[in-house]
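The structure is shown first, and the packing is described after it.

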Amino acid sequence: MTIRVLIADDHPIMRSGLTALFELEASIDVVGAVGTTEDAIADAERLRPDVVLMDLQFQGRFEGAAATRRIRSMDDAPAVLVLTNYDAESDIITAIESGAAGYLLKDTPPDDLIAAVIAAAAGQSALAPAVATRLLARVREAQSALSIRELEVLSLVADGHSNGDIARLLHLSETTVKSHLAHVFPKLSVTSRTAAVAAARQAGLIR
């Protein structure tokens, strides 16, 4: 059976390189290669691929996870494999929560990438070793790890948003946002927003 793949990456050289790689694999057929998430969503609906290979960042905006969620909500949705340069814990977890079948880094060896596409098409998951290690460590440290919501709040703090902004963006009350931050500080052994962001970045939890 031929696996139909749609590539979504905003770098033309990356799209060309991936297309050339998959052309060497008889079991994989590249049905499209697009540079925006809008085109990825449209072509996933129109071309009905088996697997979508999705970057996270497009033109400086982290839109890949949201596009993954849209694609995975379709009827008979294709599997989505994230292929990116970013390995912050917040990016990994957001992608997996959005329905990605796997998370690979762009330094993944070609044979491993092909194997991951085949695995995703078969309904299996595929994680880069570094990503799998990160997620395993998170499970082992679940008691002290930041929750998904706490990571979201902290990521928005890092982007310069006020508590009021964060409350509106996440559809929470400002009191709830403050409560999340109050839980974050002791987990990171800090006492301020600035220190929390610095500690989370150093730990690789956020960008």
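## Helix 1 against helix 5

Helix 1 and helix 5 are roughly perpendicular to each other, a term for angles of 65 to 115 degrees, whereas angles under 35 degrees count as roughly parallel, over 145 as roughly antiparallel and the rest as oblique. Their axes cross at roughly 75 degrees and come within 11 Å. Axes are lines fitted to C-alpha atoms, for helices over the stretch in contact, and angles run from 0 to 180 degrees between N-to-C directions. Helices (H or I, at least four residues) and strands (E, at least two) are DSSP runs, numbered from the N terminus.

From helix 1, Leu-18, Leu-21 and Phe-22 meet Pro-110, Leu-113, Ile-114 and Val-117 of helix 5; contact means heavy atoms within 4.5 Å. The residues of this contact divide into seven nonpolar, no polar and no charged. Here Ala, Val, Leu, Ile, Met, Phe, Trp, Tyr, Cys and Pro count as nonpolar, Asp, Glu, Lys and Arg as charged, and the others, Gly among them, as polar.

## Basis of the model

This is a predicted model, in which local features need pLDDT of at least 70 and side-chain atom pairs count only at pLDDT 80 or more, while totals for chains, interfaces and linings use all residues. Residues are numbered from 1 along each chain as its sequence is written, and side-chain values use heavy atoms, with hydrogens and water left out.

Six strands form an open sheet in the order 2-1-3-6-7-8, with parallel pairing; two strands pair if DSSP finds at least two bridges between them. Strand 2 and strand 8 (126-127) are at the edges with a single partner strand each, so one side of each has no neighbour in the sheet.

Strand 6 (residues 79-84) pairs with strand 7 (residues 102-105) in the parallel sense over four bridges, and Val-82 has Tyr-103 in strand 7 as its bridge partner. Helix 1 packs on the sheet and touches strand 1, strand 2, strand 3 (51-54) and strand 6, with its direction at about 170 degrees to that of strand 2. Helix 5 (residues 110-121) lies across strand 1, strand 2, strand 3, strand 6, strand 7 and strand 8, and runs at about 155 degrees to strand 6.

Strand 1 (residues 3-8) and strand 2 (residues 28-34) pair in the parallel sense over six bridges. Asp-29 in strand 2 is the bridge partner of Arg-4.

## Helix 2 with helix 3

The axes of helix 2 (residues 37-47) and helix 3 (residues 64-72) come within 10 Å and cross at roughly 15 degrees. The two helices are therefore roughly parallel to each other. Thr-37, Ala-40, Ile-41 and Ala-44 of helix 2 meet Gly-64, Ala-67, Arg-70 and Ile-71 of helix 3. These contact residues comprise five nonpolar, two polar and one charged.

## Helix 8 with helix 9

For helix 8 (residues 163-170) and helix 9 (residues 174-188), the axes come within 8 Å and cross at roughly 105 degrees. Helix 8 and helix 9 are therefore roughly perpendicular to each other. Asn-163, Gly-164, Ile-166 and Ala-167 of helix 8 make the contact with Glu-174, Val-177, Lys-178 and Leu-181 of helix 9.
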